[in-house]
Amino acid sequence: MKVWILYGDDIDSTADLAFEMRRFLSEGEKMGLEVKAFKPNQFDLLVTEEKRDQIIIDGKWTDLPDFIFPYFNHSDHSYFSLAIVRQFERMGVNVFNNADTLERVRDKLHAHQILAEEELPTPDTMLAKFPVNVELVEETLGFPLIVKTLHGALGSGVFLIENAKSFEDLMTLVHETQPNILMIFQKFIASSKGRDLRILVVEGKVIAAMQRTAKAGDFKANFSQGGSVAKFEIDKKAADIAVKTAEALNIQVAGIDLLFTDDGYTICEANTFPGFKGLEKATNVNVPEAIYNAMLDHMRKKNPPTLVKKLLGA
Ligand SMILES: Nc1ncnc2c1ncn2[C@@H]1O[C@H](COP(=O)(O)OP(=O)(O)O)[C@@H](O)[C@H]1O
Ligand SMILES: [Mg+2]
């Protein structure tokens, strides 16, 4: 199986997901797979009905792989990168995760809209609108309150606002300096302050789960924000919500974050480019191997080639 991973940074750097890229390459080699990494800017997209089995890389026509795995930088929200994924999809290449999924999931409000439609538990969430109706926010969501940028990742765009006064001050500042910023307001799940669960779901199966605990004084449990990690013996309730979340959002390789409530869990968010340095450390699960095995299964299910050949007497 030939797998191409789309990754925008230097693999030998300390960039976000570079560690994971090195793991993908070395595990792929161990499994006897042909795994290559390409940067989005190496592609040129020529759309033609004439050539359906090749794509242009570094100016040269190149045969298509069996599988594409977009693993973009978290800040890459470019049209170009999504268009590359679509080009592969439209030429029949298998893709984990597909372009529609990437687009759906990176919009945190859209993801919550879909989860609420499926009657899955999520904290009440409101799209920011200026001028902000502070009374309505207080009435519906209450304080303290979580403010998130719509496309944030790694915890960097998430804030805890203690009261109406600080909220009003912050909104005045934002309105004056960044009037076009897209943000959501969300009910603060106090019972989960400083801790959450990260569950890796691949093709509908739970692969690994860990509890993350924020560093002292912080409310954000992200590993990238200095949170500590520990293996979590996942119960049926959490596994069920995680699998249903991945299914509702149609994510094949999903990092699902759950928050602890008094009687179970609520969904914090879903991720399509899950990092797994902390997860492997906490659980000893071989994440790239699990993902490659899911790809192999997917290919076998889609077109069992040896079986077909045998049946055809070839
Ligand atoms: N509604 C909430 N209530 C309590 N804690 C939250 C809430 N939303 C986020 N957090 C905390 O902030 C962290 C980052 O939030 P998240 O929505 O996952 O953003 P990011 O995409 O940046 O990781 C979470 O892992 C969790 O610890
Ligand atoms: Mg998160």
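This is a predicted model: local features need pLDDT of at least 70, side-chain atom pairs count only at pLDDT 80 or more; totals for chains, interfaces and linings use all residues.
Local features need pLDDT of at least 70, side-chain atom pairs count only at pLDDT 80 or more, and totals for chains, interfaces and linings use all residues. Residues are numbered from 1 along each chain as its sequence is written, while chains are lettered from A and ligands numbered from 1 in the order in which they are written.

The protein has ten helices and 16 strands. Helices (H or I, at least four residues) and strands (E, at least two) are DSSP runs, numbered from the N terminus. The radius of gyration, taken over C-alpha atoms, is 21 Å. The C-alpha trace spans about 75 × 45 × 40 Å along its principal axes.

Three domains divide the protein: domain 1 (2-95), domain 2 (124-188) and domain 3 (192-301). Their bounds come from an automatic or database domain assignment. The C-alpha centres of domain 1 and domain 2 are 36 Å apart.

Buried residues account for 33% of the 314 residues. A residue is buried if 20 or more other C-beta atoms lie within 10 Å of its own, exposed if 12 or fewer, and partly exposed in between; C-beta atoms are placed from the backbone. A nonpolar core is a set of buried Ala, Val, Leu, Ile, Met, Phe, Trp, Tyr and Cys residues joined through C-beta atoms within 7 Å. The largest such core holds 58 residues, of which Ile5, Tyr71, Ile199, Leu200, Val201 and Leu258 touch the most other members. Domain 1 and domain 3 each contribute at least three residues to this core. A second, separate core has nine residues, including Val137, Leu145, Val158 and Phe185.

Contacts are pairs of residues with C-beta atoms, placed from the backbone, within 7 Å. Leucine 200 touches Ile207, Ala208, Gly255, Pro274, Phe276, Leu279 and Val287, not counting residues up to four places away in sequence.

Ligand 1 has 23 residues around it. Residues count as near when the C-beta atom, placed from the backbone, lies within 6 Å of the molecule. Ile146, Ile189, Lys220, Ala221 and Glu269 come nearest. Strands E9 (145-149), E11 (183-187), E15 (253-261) and E16 (264-271) each supply at least two residues of the shell. The shell has eleven nonpolar, six polar and six charged residues. Here Ala, Val, Leu, Ile, Met, Phe, Trp, Tyr, Cys and Pro count as nonpolar, Asp, Glu, Lys and Arg as charged, and the others, Gly among them, as polar. Domain 2 and domain 3 both give residues to this shell, so ligand 1 lies between them.

Some backbone features stand apart. Most residues other than glycine have a negative phi, and most peptide bonds are trans. The bond from phenylalanine 130 to proline 131 is cis, with omega near -5°. Proline 131 is in the loop between strand E8 (125-127) and helix H5 (134-140). The bond from phenylalanine 143 to proline 144 is also cis, with omega near -5°. Proline 144 lies in the loop between H5 and E9. Leucine 154 has a positive phi near 65°. Asparagine 284 also has a positive phi, about 65°. With 9 C-beta neighbours inside 10 Å, asparagine 284 counts as exposed.

Note on methods
Two residues are in contact if their C-beta atoms, placed from the backbone, lie within 7 Å. The radius of gyration is taken over C-alpha atoms; the globule rule is 2.2 Å times the number of residues to the power 0.38.
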